[in-house]
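Hello,

Here is the structure for your files. My notes follow below it.

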Amino acid sequence: MSYSTAKSKALFERAVQVMVEGGSSPSRGPANYGEYPLFIERGQGAHLFDADGNQYLDWMMAYGGLPHGHAHPRIVEAVTQAVATGALVAAATEIEIEVAEFIQHMVPSAERVRFANTGTEATMAAIRLARGYTGRPKFIKFEGHYHGWYDDFLVNAHPHPVTSLGHRRDPIKIADSSGLNRRAVDDTIVAPWNDLAAVERALETNRGRVAAIITEGIMSNMGVIPPHPGYLEGLRQLARSHDVLLILDETVTGFRIAAGGCQQHYGLDPDITTFGKALGCGLPVAAFVGRAEIMEALAWGGVLHYGTQNASRIGLFAARANLEMLTAGDAEAFRHTWRIGETLVAGFRRVFEETNTPAIVQGVGPMFQIMFTDRPRITDYREYCEFVDPARYRAFAHALFRHGIYMTPAAALHSVASVVHTPADVETTLAAARAALAETDAQ
Ligand SMILES: Cc1ncc(COP(=O)(O)O)c(C=O)c1O
């Protein structure tokens, strides 16, 4: 049967009559999908099924929100049980203690845990907490790091022409959105990543006014860019010696890189950490955690953080089942996803080499991204902006759709291996990649 997406097309025509660009996030619309997106009807295991009945092997996994794939029976059972007994009570519950204890056990820096719903909520609360605790207004973020859609973070988070960015040592701040609160943006200091001297300079220039440094542990919103060896440890030391807090944004890496997140992998001890995505297995559960002394500032009358939906039973029942499965058998889940991720990355590299395609694959364990570039590696935001070809990646991802593989068509994002992926899935994907490359090269 030939590949048809006629129903998706018709659904998009209907969608734009009620929603801007036909949906609830611009990344799901024409900017990444072209004329119209694929409308997904259901997910099962490692697969997605669209409105036309096409089946896709899913490597996007809701941007890492599904460590056990779609509709895992234990998650379905947990959520069903929660719904049947009161999805949301907005009151104290034992499940909240249980999941907090689980996180405390898995992540030693989590002396205290506070639940939220999304990564954005967790990072915005973390910044407020840092400001409230230190009494200082500013924070340092890095070029190309995305911490959610809160005003304070939306500078130099998306790719911009490198010619508008100024000197690497003194980046020009470029707002990623209209309508931002300019005062919030003024208090955001932007620095290049993987460059400790630049951070030290920013701390010196703003001495006494910086509450925190916030960083992704592994860049995952500009393709995947790992930290230079020793870089995160250097950031930790700089934060300590300048008496500012280190906030590690593990929205992407948490419960994915290791049981204790990327802080376990790199041996880090952040002051505050944010989690999201993989924690809830598809349910909106996020958390920010940290040293008890800092987190105590959230007590009544201190730093305000509310939320009717915080710690919903539905999300926490899913989180408990998730963490039980992730830690079972001495955390075999992580070994499996690392094996699958690394085999797939090696396979892609082989395919690109054999087909003389100017593309590289960067990753850490289960997370990876393909970048069309003639550079041997991409180490920071500016190199990404200057040397990576997002249009070519998009065309490749669209061709993969036609061969039954679903990788994000958003060049700056990434793909991920989950527990339900198998070595056979890797082989299927590599065969599809060869076919997709042949098609895109022919165009
Ligand atoms: C590193 C990082 N932090 C925070 C967020 C925001 O999370 P959410 O989309 O759940 O608000 C994201 C989302 O992609 C992210 O990648």
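Strands are DSSP runs of E with at least two residues, numbered from the N terminus, and two strands pair if DSSP finds at least two bridges between them. The model is predicted, so local features need pLDDT of at least 70 and side-chain atom pairs count only at pLDDT 80 or more, while totals for chains, interfaces and linings use all residues. Residues are numbered from 1 along each chain as its sequence is written, and side-chain values use heavy atoms, with hydrogens and water left out.

Strands

Strand 2 (residues 47-50) and strand 3 (residues 55-58) run antiparallel and are joined by three bridges. His47 has Leu57 of strand 3 as its bridge partner. Four residues lie between the two strands of this hairpin, and Gly53 takes a positive phi near 85° there. Strand 3 also runs parallel to strand 13 (residues 405-406), with two bridges between them. Here Leu57 is partnered by Ile405.

Ligand

A polar side-chain atom of Lys277 is 2.8 Å from a ligand oxygen, and one of Asn221 is 3.0 Å from a ligand oxygen. For Gly119, a polar backbone atom lies 2.9 Å from a ligand oxygen. The protein covers 83% of the 390 Å² of accessible area that the ligand has on its own (Shrake-Rupley method, 1.4 Å probe).

Regards

Terms used: A polar contact is a pair of N or O atoms within 3.5 Å; within protein, one must be able to donate a hydrogen and the other to accept it, and residues adjacent in sequence count only if both atoms are side-chain atoms.
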